[in-house]
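Hi everyone, thanks for making time this morning. Let me put the structure up, and then we can walk through some side-chain contacts together.

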Amino acid sequence: MIYAKKKVQQTAHLAAQTAKIIANVKELQEKNLIRIEGNEVYVYPEILKDKPTALNWIKCLHLYCMLKKRFKESDSLFFKDYTTGEQIGAYKNKKASVTIFT
């Protein structure tokens, strides 16, 4: 038998990843490092070390809001500096963007 050469990618256990995201966000909220108010997330920019890390955090926080705050996938989420209130990123139209590293 001939098998097609397919790139097989191991997928992580989604439930375990989601549980870890929820635990991390709750821990940061308890330490007052993240504050979620409606569709705005206030975060210290130091947490968002570099652009790839920031984009990952934005996606994870949007997933958290979908699960815990009953957001829709298409809902926008805006990220602001915890101290100044200046916008530092957003999740709009199913895409994450960061303004502090550009």
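Let's start with Glu27, which counts as partly exposed because its relative accessibility is 39%. Glu27 has a salt-bridge partner, Lys31, and the closest N and O atoms of the two are 3.1 Å apart. Lys31 has a relative accessibility of 52%, so it counts as exposed. Before I go further, please keep in mind that this is a predicted model.

How many salt bridges does the structure hold? There are three. As a reminder, side chains of opposite charge can pair when their charged atoms come close.

Another of these bridges joins Glu37 to Arg35, with 2.7 Å from N to O. Both partners are partly exposed: Glu37 has a relative accessible area of 39%, and Arg35 comes out at 29% relative accessibility.

Then we have Lys80 and Glu40, whose side chains meet in a salt bridge at 3.1 Å, N to O. Which parts of the chain does this pair link? Lys80 belongs to strand 3 and Glu40 to strand 2, and the two residues are 40 apart, so to speak, in distant parts of the chain. Is Lys80 buried or exposed? Its relative accessible area is 17%, and the cut-off for buried is under 20%, so Lys80 is buried. Glu40, at 21%, is partly exposed.

The charged end of Arg35 sits over the ring of Tyr42, 4.3 Å from the ring's centre. Arg35 also lies over the face of Tyr82, and there the distance to the ring centre is 4.9 Å.

Tyr82 brings me to the aromatics. Searching the whole structure turns up one aromatic pair. Why do we call it stacked? The partners are Tyr44 and Tyr82; their ring centres are 4.5 Å apart and their planes meet at 20°, and planes under 30 degrees apart count as stacked.

Where do the two tyrosines lie? Tyr44 is in the loop between strand 2 (40-43) and helix 2 (51-68), while Tyr82 is in the loop between strand 3 (77-81) and strand 4 (87-92). The pair therefore ties together parts that are 38 residues apart in sequence. As for accessibility, Tyr44 is partly exposed at 25%, and Tyr82 counts as buried at 18%.

To recap Tyr82 while it's on the screen: its ring stacks with Tyr44, and Arg35 lies over its face. That's my tour, and I'm happy to go back to any of these contacts.

Key. Residues are numbered from 1 along each chain as its sequence is written. This is a predicted model: local features need pLDDT of at least 70, side-chain atom pairs count only at pLDDT 80 or more; totals for chains, interfaces and linings use all residues. Side-chain values use heavy atoms; hydrogens and water are left out. Rings of Phe, Tyr and Trp (its six-membered ring) pair if their centres lie within 6.5 Å; planes under 30 degrees apart count as stacked, over 60 as edge-to-face and the rest as tilted. Helices (H or I, at least four residues) and strands (E, at least two) are DSSP runs, numbered from the N terminus. Buried means under 20% relative accessible area, exposed over 50%, partly exposed in between (1.4 Å probe, protein chains only). A charge sits over a ring if NZ of Lys or CZ of Arg is within 6 Å of the ring centre and within 35 degrees of the ring normal. A salt bridge is a side-chain nitrogen of Lys or Arg within 4 Å of a carboxyl oxygen of Asp or Glu.
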